[in-house]
Amino acid sequence: MTKSSTQDGLLLFAHGARDPAWARPFQAIAEQLQAQRPDLILALAYLELMSPDLQSAAETLVAQGCTHIQIVPMFLGASGHVRRDVPPLVEALRQRHPGVQWRLHDAIGEQPTVIRAMAAATLDLLAPSPPTP
């Protein structure tokens with residue numbers, strides 16, 4: 001008897017930078033996600049200059065049994081990278097792993113909840129500071 005099961009995975013995909021400190025916010029997001037959803041199989045990958053790259057992180061998720069992998073570009077907008085570079089990378093994953101369903105989301109910065117959160121954070125910065133004694 002063949003057991004049909006699915007395992008979801010999440011792949012956060014950021015740009016990358018030469019300075020390792022640049023990755024801290026993305027690592028913090030991954031840590032918060034894991035704390036809120038300990039059952040979630042998650043990987044963080046980078047387009048350039050940092051490791052792991054998208055293919056390596058995806059391979060890790062597949063090796064952990066993920067059959068449905070959602071990719072969230074951790075970009076503020078649909079830049080040239082998100083429009084031009086990411087879709088062919090995802091298509092290569094589809095070709096390499098035809099038994100896995102890959103879902104590429106829009107850039108995280110275009111999500112209404114992120115826009116609202118950034119607007120609220122900006123207004124918080126503009127709020128008057130309490131007087132110092």
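Reader: Which residues point one way from β2, and which the other way?

Author: This is a predicted model, so read every value as computed from it. Ile41, Ala43 and Ala45 point one way from β2. Leu42, Leu44 and Tyr46 point the other way. Both sets are buried.

Reader: Why is strand β2 described as largely enclosed by the rest of the structure?

Author: Count its buried residues. Buried means under 20% relative accessible area. Six of the six residues of β2, residues 41–46, are buried, so the strand is largely enclosed by the rest of the structure.

Reader: Which strand pairs with β2, and in what sense?

Author: Strand β1, residues 8–14, pairs with β2 in the parallel sense, over six bridges. For a landmark, take Leu12, which stands opposite Leu44 in β2. Between the two strands the chain passes through helix α1, residues 24–36. This β-α-β crossover is right-handed.

Reader: How many aromatic pairs does a search of the whole structure find?

Author: It finds two. The general idea comes next. A pair of aromatic rings is described by the distance of the centres and the angle of the planes. Trp22 and Phe26 form a tilted pair, with 4.7 Å centre to centre and 40° between the planes. Ring pairs link Trp22, Phe26 and Tyr46 into a cluster.

Reader: Are Trp22 and Phe26 buried or partly exposed?

Author: Take each in turn. Trp22 has 30% relative accessibility, so Trp22 counts as partly exposed. Phe26 has a relative accessible area of 13%, so Phe26 is buried.

Reader: What backbone features are found at Leu49 and at the bond from Ser51 to Pro52?

Author: Start with the background. Most residues other than glycine have a negative phi, and most peptide bonds are trans. Leu49 has a positive phi, near 70°. The peptide bond from Ser51 to Pro52 is cis, with omega near 0°.

Reader: Where do Leu49 and Pro52 lie?

Author: Leu49 is in the loop between β2 and α2. Pro52 lies in the loop between β2 and α2 (54–63). With 48% relative accessibility, Leu49 counts as partly exposed.

Reader: What share of the 133 residues in the chain is buried?

Author: Buried residues make up 31%. The chain exposes about 8,700 Å², and carbon and sulfur atoms supply 56% of that area. Along its principal axes, the C-alpha trace spans about 75 × 35 × 30 Å.

Methods: Residues numbered from 1 in each chain as written. Predicted model: local features only at pLDDT ≥ 70, side-chain atom pairs only at ≥ 80, totals over all residues. Heavy atoms only, no water. Buried < 20%, exposed > 50% of the residue type's maximum accessible area, 1.4 Å probe, protein only. Helix = DSSP H or I, 4+ residues; strand = E, 2+ residues; numbered from the N terminus. Pairing = 2+ DSSP bridges. Right-handed = clockwise from strand over helix to strand, strands pointing away. Phe/Tyr/Trp six-rings, centres within 6.5 Å; stacked < 30°, edge-to-face > 60°. Areas by Shrake-Rupley, 256 points an atom, 1.4 Å probe, with all protein chains shown as cover.
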